[in-house]
Amino acid sequence: MSFPAQPLNREPTSFPGQVLYNDDLNKLLDVLPAAIRERLQQHPHLNQLVEVVLDLGRRPEARFPGFAEYLSEEVVSRADLDLVISQVGEFSSDNRAGIASTLHRISAIRNRQGTIIGLTCRVGRCVVGVITMIRDLVEQGRSMLLLGRPGVGKTTALREIARVLADELHKRVIIIDTSNEIAGDGDVPHPGIGRARRMQVASPELQHKVMIEAVENHMPEVVIIDEIGTELEALASRTIAERGVQLVATAHGNRIENLIKNPTLSDLIGGIQSVTLGDEEARRRGCQKSVLERKAPPTFEIAVEMLERHRWVIHEDVAATVDCLLRNREASIQIRSLDERGQVVIVRSTTGMNGRSSLSRLQWPPADTALFAGGGTWGSSGRLEPLPLEPVATRLQQPSSPLAKEEDSSAEPLANSQSESKSEEEAELPQDPEGPLRIYPYGVSRFHLEQVIRTLQLPAQVTKDLDEADIVLALRSQVRSRSKIQQLAHSRQIPIHTVKANTLIALAGALRRILNIESEEGAQSDLELFIQASTAEEAEALEEARLAVEQIVIPKSQPVELLPRSAHIRKLQHQLVESYHLRAQSFGEEPNRRLRIYPN
């Protein structure tokens, strides 16, 4: 297959909010073998080229965003590799080389004897305006850590941050350029860094020493570092930050949770230590006595998770985020993106230790979802708009999605291969049901489920046929990865929702969340539902627990002890307390064993 010849594009190409310069691309093409160079020059997607792969004995390959193509039917020979090697700089100990005064990177693969048998020729580009989404954070002067998968644009962002700080904010900026990726190969740095100065590193193992040297010898106001990956570099970063120098760096990790679990780099976000709490403190917190806590203030005050090139998650207060994640609480985040006009869109959301964001709950109704008067429809978030407590006559019909979404009564996602591979906001429910929502119970009491639907007058019904179901409501303990119900539901494109306990209150809460029906009297309705199925003694005990929670524990933040009860009734009281998101503990000896309810 051939492409029509077209000249190299040396002019800037405009994108929303930024300008991309390709005027160095011809220097990379010049080092390639003639046949490969000519094929690339004719390629219609040349301006989107990511890298060229040359492996000995294999066909040369060009990679673009989302796809790759072979460039020739002829395999790469030793002469082809030697030609490229002879025209680039010297390979360092990390098997990287460059082309003088460009941002392109040539990486080598060697055999066991040290001979180069493969080359990855990666295109380097200078993008002006790429940090539009975080420009306000850069100007604050606080230390910032960039996280993200390889190829998402971390180094490009660092380069632009260096230029903005040096040229537009007039600060003294030093770049620690270990692999010459930020400022390019050669002794003269690439103009993409502006007035910022660059210090090269002879060997990657010496990066931490050069970091300290930069602060001691050159009095920078800002130090920029690419790829912090060792404990010594993390300690050097803390030393620099404690001297009042602004740090901007990238680190090995996709999300901030990765750093918490990485003992080598956890010092970047304050370090993690295990502490033993006293009995009273453990009861006050409602947790076990041995817990993980942050050891020190974080080296970086702001963290940016670069999920995609135009969609970043911002942690404005790293210390608060880490504390929340260690206590299994939701942390406040910002999700910033660019719209088609190049304007920055900021959405506030929360995220937990599983890294999944509750953004979809803040974006209702979705832009592509229509609502009928007097009724509702399944949206892309898999929830129903609040409805009158009566069956819905009409629902919007949309194509179904093969991806199943799992959810339980406490909003904790079921851990399986599907929920780990897709984020919550990407999960969708089948979207062409007729009449009330049809629920197939699995491991859940059908009697309890029907009683909840009947008492709360929910627009749902229980079905015994999986093929007729809109969703599966399963007991979490009965669902395991690759279980039979998951395979059956997946083959029928039916989402699975899970509930922790097979109790009336848990089922009522789960159905309210599935249907997105919120009521100011929801907790009271759930309590009344529970009492309807109880004896007089149970009703009295539950009323006692409710009054204790609503009149003392919540308003006065004081613990309360209830009257001694039997094990069965204490279990019901526990379930009621959990519906208020509080913690209770049984203590004492039978027959005087009783509940103590703790505030948050």
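Modeller: Buried means under 20% relative accessible area, exposed means over 50%, and partly exposed lies in between (1.4 Å probe, protein chains only). This is a predicted model, in which local features need pLDDT of at least 70 and side-chain atom pairs count only at pLDDT 80 or more, while totals for chains, interfaces and linings use all residues. Residues are numbered from 1 along each chain as its sequence is written, and side-chain values use heavy atoms, with hydrogens and water left out.

Colleague: Why is glutamate 61 called buried?

Modeller: Glutamate 61 has a relative accessible area of 19%, and the limit is under 20%, so the word applies.

Colleague: What makes arginine 63 partly exposed?

Modeller: Arginine 63 has 33% relative accessibility, so it counts as partly exposed.

Colleague: How do you know that arginine 63 and glutamate 61 meet in a salt bridge?

Modeller: A salt bridge needs a side-chain nitrogen of Lys or Arg within 4 Å of a carboxyl oxygen of Asp or Glu. For arginine 63 and glutamate 61 the N to O value is 3.5 Å. By this rule the count comes to 25 salt bridges.

Colleague: Which parts does the pair of glutamate 216 and arginine 243 tie together?

Modeller: The closest N and O atoms of glutamate 216 and arginine 243 are 3.8 Å apart, a salt bridge. Glutamate 216 lies in helix H6 and arginine 243 in the loop between H7 and strand E14 (246–251), so the pair ties together parts 27 residues apart in sequence. Helices (H or I, at least four residues) and strands (E, at least two) are DSSP runs, numbered from the N terminus.
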